[in-house]
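Here's a quick look at how this chain is put together. Have the sequence and the model open as you read.

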Amino acid sequence: MSADGGHGQGAGRRATRRFPLFTRDTARPEGGGRAASKDLPAPARQWPILVVLATVAMGLLLTSLDQFRVGALLIGAGLLAGAAMRWVLPSVGMLAVRSRFTDIVTYGVLGLAIVLLALMAQPKPWLVIPFLKDTLHFTMKS
């Protein structure tokens with residue numbers, strides 16, 4: 001042990017496994033680089049997230065125009081497209097938020113849930129899952 005209380009680590013610095021109190025930066029997510037050449041304007045470099053946002057915006061517009069089922073399907077399809085792009089493309093720009101695995105699972109599960117709910121929406125559902133109807137009737141019996 002040296003005179004400064006460390007174990008020969010250097011002058012006045014003590015090695016620690018604790019995280020710093022304040023972080024100065026964060027690591028970019030895997031695949032979070034530009035999706036296109038840096039010579040292109042900013043919107044063209046971020047085309048994957050723009051595709052997802054435009055699809056979701058179109059779905060929200062259709063939903064607001066009283067086309068609920070089609071709008072919700074479009075929203076779910078936009079999220080599923082985001083999951084597919086995150087899986088296939090090596091670099092997706094701002095579409096990369098977390099690790100590749102977490103992004104794919106998050107976009108995929110949310111997109112699939114929205115699509116399934118849109119397909120099962122009443123009245124006249126396009127998809128009928130019998131055990132869900134039986135479960136609802138069982139829980140609602142008095």
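The protein chain has five helices and zero strands, where helices (H or I, at least four residues) and strands (E, at least two) are DSSP runs numbered from the N terminus. This is a predicted model, with local features needing pLDDT of at least 70, side-chain atom pairs counting only at pLDDT 80 or more, and totals for chains, interfaces and linings using all residues. Residues are numbered from 1 along each chain as its sequence is written, and side-chain values use heavy atoms, leaving out hydrogens and water.

Of the chain's 142 residues, 23% count as buried, meaning under 20% relative accessible area (1.4 Å probe, protein chains only).

Now for a helix pair.

| Helix pair | Residues | Axes come within | Crossing angle |
|---|---|---|---|
| α3 and α4 | 68–88 and 100–120 | 8 Å | roughly 160° |

The axes are lines fitted to C-alpha atoms over the stretch in contact, with angles from 0 to 180 degrees between N-to-C directions. α3 and α4 are therefore roughly antiparallel, the word for angles over 145 degrees. Contact residues (heavy atoms within 4.5 Å) include Ile75, Leu79 and Ala83 of α3 and Tyr107 of α4.

And which residues make up the largest nonpolar core? Ile49, Val52, Val56, Ile75, Leu79, Ala83, Met85, Val92, Leu95, Ala96 and Tyr107 do, 11 in all. Such a core is a set of buried Ala, Val, Leu, Ile, Met, Phe, Trp, Tyr and Cys residues joined through side-chain atoms within 4.5 Å. Two or more residues come from each of α2 (47–64) and α3, and α3 gives the most, with four.

How values were computed
Parallel < 35°, antiparallel > 145°, perpendicular 65-115°, else oblique. Buried < 20%, exposed > 50% of the residue type's maximum accessible area, 1.4 Å probe, protein only.
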